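Keep the viewer open and follow along.

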Amino acid sequence: RHRIDDDLLREMAGRLSAEEAAEMAIPCYLHKNPLLRTMAWWRVDLLASRLDRAARAIGGKELTIVDYGCGSGVLFGDALRFARDLVGVDLVLDAAKLLVERRAYRGVRLLTPEEAETQIEPGSVDIILAGEVLEHIEPLEPVLKRFRSWLRDERSRLLVTLPTENQLYQLGRKLAGFSGHYHHSTAATITPEIQQAGFTLTRRETIPLPGPLSIYWCMDFGK
């Protein structure tokens with residue numbers, strides 16, 4: 001795993017507003033509570049493992065990967081093991097730019113969502129990462145249609161992580177010191193939307209446990 005070190009995370013946070021840093025989960029990665037830190041990295045590590053599995057199933061190390069809602073670029077190091085072209089998409093790109101600069105990453109393009117609409121060619125993408133971003137988007141349908149148009153073929157994958165917003169999730173947010181509600185939807189409501197957009201669910205895992213103890217749904221979708 002290619003984790004971002006604490007000092008660089010703190011430097012990123014210093015360049016962002018408190019709300020921007022929170023949306024990128026930077027305070028969670030740095031939290032003094034080891035349980036909250038573990039939970040924050042667990043979802044990233046699992047998404048990295050799912051990326052590894054999907055990339056190996058496609059074959060080759062010359063893939064095009066889109067990290068939609070890339071935040072701090074926490075998955076860039078893992079994605080670049082397989083990507084010839086890695087596209088990080090976010091409304092706020094300051095943290096990702098700092099990471100690319102400090103680690104001298106090559107083959108990375110950083111785009112806003114509006115730029116991505118015109119600069120990512122249909123049928124050109126092998127894997128789309130969407131870790132904890134779809135719950136922020138309203139309306140979601142146009143973005144899902146765009147995702148499907150970007151994917152190359154039946155081997156391509158959309159890898160999604162979504163919050164359940166259940167009581168355990170709300171407790172975690174309270175312990176982390178986050179107040180307010182900024183998610184438009186939840187895992188249970190977004191999953192049918194993804195399927196209605198034409199995607200097929202191929203795998204689902206939950207963190208930390210199934211049922212009412214699940215805080216996140218981690219799902220792989222095929223075109």
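Cys28 is partly exposed, with a relative accessible area of 21%. In this predicted model, Cys28 takes part in no disulfide. The nearest cysteine sulfur belongs to Cys218, and it is 15 Å away. A disulfide is a covalent bond between the sulfur atoms of two cysteines. The cut-off used here is 2.5 Å between the sulfurs. Cys70 is in no disulfide either. For Cys70 the nearest cysteine sulfur is that of Cys28, 18 Å away. Cys70 is buried, at a relative accessible area of 4%. Across the whole structure, the search finds zero disulfides.

The largest nonpolar core holds 41 residues. Which of them touch the most other members? They are Met12, Tyr29, Ile65, Phe76, Ile127 and Leu129. Helix α4 supplies the largest share, nine residues.

Select Ile127 next. Set aside its neighbours within four places in sequence.

Ala187 leads on to helix α10, which spans residues 187-196. Which residues of α10 are buried? They are Ala187, Ile190, Thr191 and Ile194. Seen down the helix axis, these buried residues fall within an arc of 110°, so they line one face of α10. They pack against α8, β5 (157-163) and β7 (214-222). After α10 comes Gly198, with a positive phi near 110°.

The search of the whole structure finds four aromatic pairs. One of them joins Tyr68 and Trp150. This pair is tilted, with 6.4 Å centre to centre and 50° between the planes. Tyr68 sits in strand β1 (residues 63-68) and Trp150 in helix α8 (residues 141-150), so the pair ties together parts that are 82 residues apart in sequence. Both residues, Tyr68 and Trp150, are buried.

Trp150 has another aromatic partner, Phe147. That pair is tilted as well, at 5.8 Å centre to centre and 40° between the planes. Phe147 and Trp150 are three residues apart in helix α8, which means that about one helical turn separates them. The relative accessible area is 1% for Phe147, which is buried. For Trp150, also buried, the value is 2%. Taken together, ring pairs link Tyr68, Phe147 and Trp150 into a cluster.

What lies over the face of Trp217? Arg204 does, at 4.2 Å from the ring centre.

Note on methods:
Residues numbered from 1 in each chain as written. Predicted model: local features only at pLDDT ≥ 70, side-chain atom pairs only at ≥ 80, totals over all residues. Heavy atoms only, no water. Phe/Tyr/Trp six-rings, centres within 6.5 Å; stacked < 30°, edge-to-face > 60°. Helix = DSSP H or I, 4+ residues; strand = E, 2+ residues; numbered from the N terminus. Buried < 20%, exposed > 50% of the residue type's maximum accessible area, 1.4 Å probe, protein only. Lys NZ or Arg CZ within 6 Å of the ring centre and 35° of its normal. Core = buried A, V, L, I, M, F, W, Y, C linked by side-chain atoms within 4.5 Å. Contact = heavy atoms within 4.5 Å. Arc of directions from axis to C-beta.
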